[in-house]
Amino acid sequence: MLNAAISAPLGLFETMRLDRAGQVLLLAYHLQRLARSAQQLGFVFDQDAILRNLNPYLHQSYSQPQRLKLSINKAGKVSVECSALATTPQPVRIAITSQPIHCDPLYLRHKTTVRTQWASGEKWLQKHPTYFDLIYTDQYGALTEGGRSTLYVFQQGKWFTPPLTQALLPGVYRNKLVAQGLVQEKTLYRTDLIHADRIRVSNALRGWLDAYIDELDVNV
């Protein structure tokens with residue numbers, strides 16, 4: 001259940017990619033994550049109500065992929081927003097922040113409407129629009145994730161991503177890649193990122209994207 005010491009109002013949300021044929025290919029993963037968070041945080045989770053609210057947007061043709069934002073409040077009330085999704089050119093440009101992330105792990109492990117832990121990074125990204133994301137570390141110097149995406153490095157012929165034993169979001173696309181055996185978990189550090197053979201990031205909207213890094217100590 002939700003930590004009683006955390007009093008900020010919470011909502012849960014999932015941001016999903018709706019393809020041109022009106023399908024959310026990762027819908028099962030989104031629903032699994034939402035159900036898990038709802039159970040752990042004391043939210044009502046009504047999958048039938050969620051699917052009813054999604055249904056008007058599904059199985060119809062679109063001229064381009066769409067961004068579907070599904071939200072629920074603690075009582076289980078559902079809302080859905082839909083908007084066009086632009087193409088993301090690759091490789092995307094990323095940077096590492098110089099400050100470790102400091103936040104209650106609850107807000108890092110669940111996709112909630114409380115986004116203060118990413119606020120300063122988002123402001124930096126808005127001022128530097130050629131960057132796709134900022135990558136954070138924990139207090140021990142281990143890489144965790146970006147404010148918008150999951151991180152991957154390619155070493156010795158394998159893809160690795162930070163483990164869920166760290167305080168980070170179980171990304172939907174990440175879960176798919178791990179389940180398919182394409183990615184393994186491993187604690188990663190800045191040197192792993194700097195010396196990686198290849199770098200990628202992912203999120204449910206954009207997929208698995210090639211990336212490169214050229215800023216190592218962004219101050220946000």
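The legends below describe close-up views of a predicted model.

**View 1. Helix H1 spans residues 27–41.** The helix has 15 residues. From its first C-alpha to its last, H1 reaches 21 Å, close to the 21 Å expected at 1.5 Å a residue. Just after H1 comes Gly 42, which takes a positive phi of about 80°.

View 2. Buried in H1 are Leu 27, His 30, Leu 31, Arg 33, Leu 34, Ser 37, Ala 38 and Leu 41. An α-helix has 3.6 residues a turn, so residues three or four places apart point the same way.

**View 3. Strands and helices cover the buried residues of H1.** Two strands are included in this cover: S1, residues 12–18, and S2, residues 66–72. The cover also includes helix H2 (47–54), helix H3 (105–109) and helix H5 (172–179).

**View 4. The structure holds one cavity of 30 Å³ or more.** About 30 Å³ of space lies in the largest cavity. Its lining consists of Trp 118, Gly 121, Glu 122, Leu 125, Asp 133, Leu 134, Tyr 136 and Gly 147. By kind, four of the lining residues are nonpolar, two are polar and two are charged.

**View 5. Helix H4 and strand S5 both contribute to the lining of the largest cavity.** H4 covers residues 116–127 and S5 covers residues 133–137. Each of these elements supplies at least two residues of the lining. The largest share, four residues, comes from H4.

**View 6. Lys 77 sits in the loop between S2 and strand S3.** Strand S3 is made up of residues 78–84. Is Lys 77 buried or exposed? Lys 77 is exposed, because its relative accessible area is 61%, and exposed means over 50%. Apart from its neighbours within four places in sequence, Lys 77 is in contact with Ser 71 and Ile 72.

**View 7. Lys 77 and Asp 133 are 56 residues apart along the chain.** A separation of 31 Å lies between the C-alpha atoms of Lys 77 and Asp 133. Asp 133 is one of the residues that line the largest cavity, whereas Lys 77 has its place in the loop between S2 and S3.

Notes
Residues numbered from 1 in each chain as written. Predicted model: local features only at pLDDT ≥ 70, side-chain atom pairs only at ≥ 80, totals over all residues. Heavy atoms only, no water. Expected span 1.5 Å × (residues − 1). Buried < 20%, exposed > 50% of the residue type's maximum accessible area, 1.4 Å probe, protein only. Contact = heavy atoms within 4.5 Å. 1 Å grid on protein atoms, 1.4 Å probe; cavity = no way out; pocket = protein on both sides within 12 Å on 5 of 7 lines; lining within 4 Å. Points joined across faces, edges and corners; volume = space filled by probe spheres on them. Nonpolar A, V, L, I, M, F, W, Y, C, P; charged D, E, K, R; others polar.
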